[in-house]
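Please keep the sequence and the coordinates at hand while reading.

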Amino acid sequence: MIQKLSTSLLESTASKPKIGQKHYRVAEVDLPQLDFHGRIVRDLEELESIADRWQRLMETAIQPNLFFDPDFLIPALRHLNDRDAAVLVIEAPRRMHPEGDPVLCGLMPLVAKRIYGLPLSGREIWKHDQCFDCTPLLRRDCAAEAWRFALEYLATEQGVQLLSMNTVSGQEQFANLITDHFYAASTTVFHRDAFTRACFQPAPDAETYLNAQVSKSTRKGTQRLSRKLAQQGELTTRCADQDDHATWIEEYIALEAAGWKGRQGTAFDSSDGSREFFREMATRMLEKNKMQILKVSLDDRPISMMCDLVTSERGAHFKTTFDETLHEYSPGLIAELENIPIMHDRGLEIVDSCADPDHSMINRVWPDRIRFQSLVVALGGKLSQLAVASLPMLQLVRHSFKKKGK
């Protein structure tokens, strides 16, 4: 049954042109001068007013973090901001036509934080419950300079002594960039932890991927369960179309609320804020082709749904849910295998699973790994350097007390 469903999906999308690979060479008119200025923005209308330039930053970033996309972050600030988060915006005038709107060169949301209880001014990149990646946005052609300016601005203009970076990229250009900067500046850094989690990286085609990356027992077992499930009604797989976003969003909210997330109070429907965040964010992202919702249905009844955030090349496997009354048929795994040809057809180069590192189901079908790290950085003088240097011992003491308390 898996093969039948996948074939129908590929037929339905075969006529669509593949999204071309992004070119990172920036047009001359858009090049920034290396004369940065920073500001802290709390007003949502002000953030909406820079959305076009913010989107340009997403397109030119060394790592386009979808959780900091304007159509994701602005709804989060509106509905989930219980910690007075504000956005650090780094801008620079254009080399050509400097009198026009400045170029957006860097962006990250921040919250005040007492780091390890130390009596120093601290900030942390904002990580709410729906955010799985806190990597700052940095424009590719001035990333090192914008990053250096951002840390100097926080230290000198905002009086920040410690910066906590929780769950930022531990690979690719961002990790190399910050490592080179910290080495050159002799910055004291505490590497609090690091981990990897599953990610999708395509093969030449979906069939090759399935044969090489998914075990034969998983493929055949899921096909067998699909055939048994299809005996109860028509089993179909669809992706949300442009005409009915609201229905798909409400179906996802209802299906998730009926499962374990609803019982534990972590479903979108468990609070007004999270529900309205998902409605606004999903509507904005779907309208601009930045989100894909996949649905497996039995007759007209949704039995598994998943929401992926997407750019032209990268994706984030944001949320999944399934009908737990049919758990014996593994509807979530059925949907995961149905999604593989869709991701290939869309031309995605890497998709972050956003799952726990030891997630048993996703690790069976996405064997590649993506690395993240969490850091604390000293920004202000010898006192902050001494404080960061002491953090390994403080962490060891905390862990010892936690073990004794068990």
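Predicted model: local features only at pLDDT ≥ 70, side-chain atom pairs only at ≥ 80, totals over all residues.

## Helices H3 and H4

On the H3 side the contact is made by Ala51, Trp54, Gln55 and Met58, which meet Pro70, Leu73 and Ile74 of H4. Sorted by class, the residues of this contact comprise six nonpolar ones, one polar one and no charged ones.

H4 itself spans residues 70-79, and it is largely enclosed by the rest of the structure, because eight of its ten residues are buried. The buried residues are Pro70, Asp71, Phe72, Leu73, Ile74, Pro75, Ala76 and Leu77.

## Helices H7 and H12

Helix H7 (residues 206-213) packs against helix H12 (residues 331-346) at an angle of about 135°, and their axes are 9 Å apart. That angle makes H7 oblique to H12, and the crossing in which H7 passes H12 is right-handed. Ala206, Tyr209 and Leu210 of H7 form one side of the contact, while Leu337, Ile340, Pro341 and His344 of H12 form the other. By class, six of these residues are nonpolar, one is polar and none is charged.

## Helices H9 and H11

For helix H9 (residues 245-257) and helix H11 (residues 272-287), the packing angle is about 140° and the axes are 10 Å apart. H9 is therefore oblique to H11, and H9 passes H11 in a right-handed crossing. From H9, the residues His245, Ile249, Glu250, Tyr252 and Ile253 take part, and they meet Arg275, Phe278, Arg279, Ala282, Thr283, Leu286 and Glu287 of H11. The contact of H9 with H11 includes charged residues, four of them, alongside six nonpolar and two polar ones.

Which side chains make polar contacts with the side chain of His317? One is that of Asp308, at 2.5 Å, and another is that of Glu336, at 2.8 Å. His317 is placed in strand E11, which covers residues 314-322, and it counts as buried because its relative accessible area is 5%, where the cut-off for buried is under 20%. Apart from neighbours within four places in sequence, His317 is in contact with Met306, Cys307, Asp308, Glu336, Asn339, Val351, Asp352, Ser353, Cys354, Ile362 and Trp366.

Asp352, one of the residues that His317 touches, lies in strand E12 (residues 350-352). With a relative accessibility of 6%, Asp352 is buried as well, and its side chain is joined to that of Arg197 by a polar contact of 2.7 Å. Once residues up to four places away in sequence are set aside, Asp352 touches Arg197, Ala198, Cys199, Gly315, Ala316, His317, Trp366, Ile370 and Phe372.

## An exposed pair of serines

Ser217, in helix H8 (residues 216-230), counts as exposed because its relative accessibility is 57%. The side chains of Ser217 and Ser215 are joined by a polar contact of 3.2 Å.

## Positive phi angles

Thr167 has a phi near 65°, a positive value in a residue other than glycine. The residue belongs to strand E6, residues 162-169, and Thr167 is buried, since its relative accessible area is 7%.

Asn289 likewise has a positive phi, near 60°, and is a residue other than glycine. Asn289 is found in the loop between H11 and strand E9 (291-298), where its relative accessible area of 41% makes it partly exposed.

Conventions
Residues numbered from 1 in each chain as written. Heavy atoms only, no water. Axes fitted to C-alpha atoms, helices over the stretch in contact; angles between N-to-C directions. Helix = DSSP H or I, 4+ residues; strand = E, 2+ residues; numbered from the N terminus. Parallel < 35°, antiparallel > 145°, perpendicular 65-115°, else oblique. Left-handed = near helix turned anticlockwise from the far one by under 90°. Contact = heavy atoms within 4.5 Å. Nonpolar A, V, L, I, M, F, W, Y, C, P; charged D, E, K, R; others polar. Buried < 20%, exposed > 50% of the residue type's maximum accessible area, 1.4 Å probe, protein only. Polar contact = N/O pair within 3.5 Å; in protein donor to acceptor, adjacent residues only side chain to side chain.
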